[in-house]
Amino acid sequence: LRYVLLVITAVMAVFGLSELCLLLDPYSNFGRIAASLFRPIVMWGNNILADLLMKVDNYSLFHVTISTVTVSGLIVATIALLVFIVMTVFRGRLFCNTICPVGALLSLFSRYSFFRITFDKEACTHCGNCEHTCKAEAIDSKNLTIDTSRCVDCFNCVSSCAKGGLQYRLQFPGMKQEETVDTQAVKELYSSQLTVANSRRTFLATSATIAASLPIASAIAEGGKGKMNRKGRKKWPPLTPPGSISLERFKDKCTGCQICVVRCPSQVLRPTGLEYGLDYMLKPRLAYISSYCNYECTVCSDVCPTGAIKPLTIEEKTTTQVGIATFFKGRCVVNTEEKDCGACAEHCPTQAVHMVPYKGTLTIPQINPDLCIGCGGCESICPVRPMRAIIVKSNVEHKFVEKPKEEEIKEIEVDDFGF
């Protein structure tokens with residue numbers, strides 16, 4: 001099974017398909033579990049504590065809202081967590097050495113390892129402790145064999161053996177267990193192997209604890225909550241983060257780990273489901289529901305571990321056009337209700353949206369696509385519901401625009417009170 005999955009993954013990779021690897025990658029799965037399950041739990045706990053503290057006039061904690069969790073992300077994260085728990089409880093390292101393509105690839109090399117754990121047939125009492133403690137299911141205590149392709153050298157079996165029936169020794173591939181190399185260095189290793197085993201397990205346990213606590217420690221973040229039905233928006237490609245360069249490149253490189261989703265200070269990055277197809281499943285997109293992409297923010301490009309979001313300078317960020325705002329005159333309140341608005345123009349950081357004369361004293365928005373960077377400032381503030389009057393349409397290939405020219409400040413001498 002493991003080699004079949006490895007071959008399928010490799011063949012799909014050759015044809016540019018990463019969906020299977022995306023679903024089986026343990027690091028990305030942990031990122032999705034942390035972002036969609038652990039983080040909301042921490043934020044929920046924070047809100048409960050905040051309520052309790054406020055009753056005693058303590059305001060050291062404040063309410064935070066959960067805005068980046070989607071239904072599809074929650075379902076996938078829950079299923080992944082349950083699968084991992086079941087596999088771990090009943091079959092130990094079943095996912096690592098049977099399901100995960102990386103484990104299958106590493107097993108090809110571990111078959112030919114020089115140092116390995118082997119049985120000492122004279123010392124072995126056939127108690128079976130080693131087989132019961134082996135999480136990798138690599139030991140056959142009845143036939144005194146060890147599957148080196150599955151063994152991860154955790155040394156649990158060595159520690160459980162009270163009679164020294166298991167030894168970590170030098171054995172070249174192809175040699176029988178009784179033909180192990182008996183050197184002074186190996187003998188010295190025999191006497192210290194239990195200490196090494198305990199030190200290694202302590203190191204691994206500490207590292208795992210630290211790695212598991214990092215996403216939870218940084219989980220509490222402030223955000224806005226909002227839901228909106230966007231019929232027709234699915235016809236447009238998703239808005240990819242600045243620095244992703246293009247939609248195709250982002251689909252190839254992004255693993256859906258959702259680190260950028262958690263770290264985004266304005267909470268505009270949201271994980272997707274199947275609305276943009278299987279090849280974009282679980283990957284983040286810019287969703288201007290209640291916020292927008294900060295003009296000079298580069299956090300997502302700084303934290304991306306795969307290079308799917310290329311690091312950007314502030315100058316590059318402020319001129320990267322991820323999309324262009326599209327104005328729907330028939331929805332605008334200036335046209336439908338003949339009321340003044342102009343919220344979109346006020347929130348545009350590049351002056352791409354500006355107001356022009358319409359009827360009488362009324363003005364209506366107009367867009368200059370040469371200045372628009374698709375930050376979503378206009379869309380997020382538009383009061384029209386359910387379909388907003390101004391929506392950012394994504395660029396499949398990101399472009400660059402010129403920064404707006406700053407107006408010259410005239411020095412004026414003020415007389416009296418300045419009136």
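Gln-267 counts as buried, at 3% relative accessibility; here buried means under 20% relative accessible area, exposed over 50%, and partly exposed in between (1.4 Å probe, protein chains only). Gln-267 sits in the loop between α11 (259-263) and β5 (269-271), and its phi is positive, about 55°, although it is not a glycine. Helices (H or I, at least four residues) and strands (E, at least two) are DSSP runs, numbered from the N terminus.

A word on what you are looking at: this is a predicted model, in which local features need pLDDT of at least 70 and side-chain atom pairs count only at pLDDT 80 or more, while totals for chains, interfaces and linings use all residues. Residues are numbered from 1 along each chain as its sequence is written, and side-chain values use heavy atoms, with hydrogens and water left out.

Most residues other than glycine have a negative phi, and most peptide bonds are trans. Glu-137 also has a positive phi, near 55°, and this residue is partly exposed, with a relative accessible area of 38%. A cis peptide bond, with omega about 0°, joins Arg-385 and Pro-386.

Here are some loop residues and where to find them:

| Residue | Loop between |
|---|---|
| Phe-15 | α1 (2-14) and α2 (19-24) |
| Glu-137 | α7 (129-133) and β2 (139-140) |
| Pro-386 | α16 (377-381) and β10 (390-400) |

Phe-15 counts as exposed because its relative accessibility is 64%. Together with Val-7, Val-11, Val-14 and Leu-17, Phe-15 makes a nonpolar surface patch of about 510 Å². Patches are made of residues with over 30% relative accessible area and no salt bridge, with like charges joined within 9 Å and nonpolar side chains (Val, Leu, Ile, Met, Phe, Trp, Tyr) within 5 Å. A salt bridge is a side-chain nitrogen of Lys or Arg within 4 Å of a carboxyl oxygen of Asp or Glu.

Next comes helix α4 (residues 71-91). Its buried residues are Gly-73, Ala-77, Ala-80, Phe-84 and Met-87. They cover an arc of only 105° around the axis, so they lie on the same side of α4; the arc is that of the directions from the helix axis to the C-beta atoms. On the other side of α4, the exposed residues are Val-71, Leu-82, Val-89 and Phe-90.

Finally, strands β8 (residues 353-357) and β9 (residues 363-367) run antiparallel and are joined by 5 bridges; two strands pair if DSSP finds at least two bridges between them. His-354 stands opposite Gln-366 in β9. The two strands form a hairpin with 5 residues between them, and Gly-360 in the turn has a positive phi of about 60°.

Note on methods: Accessible areas come from the Shrake-Rupley method with a 1.4 Å probe; for residues, only the protein chains shown count as cover.
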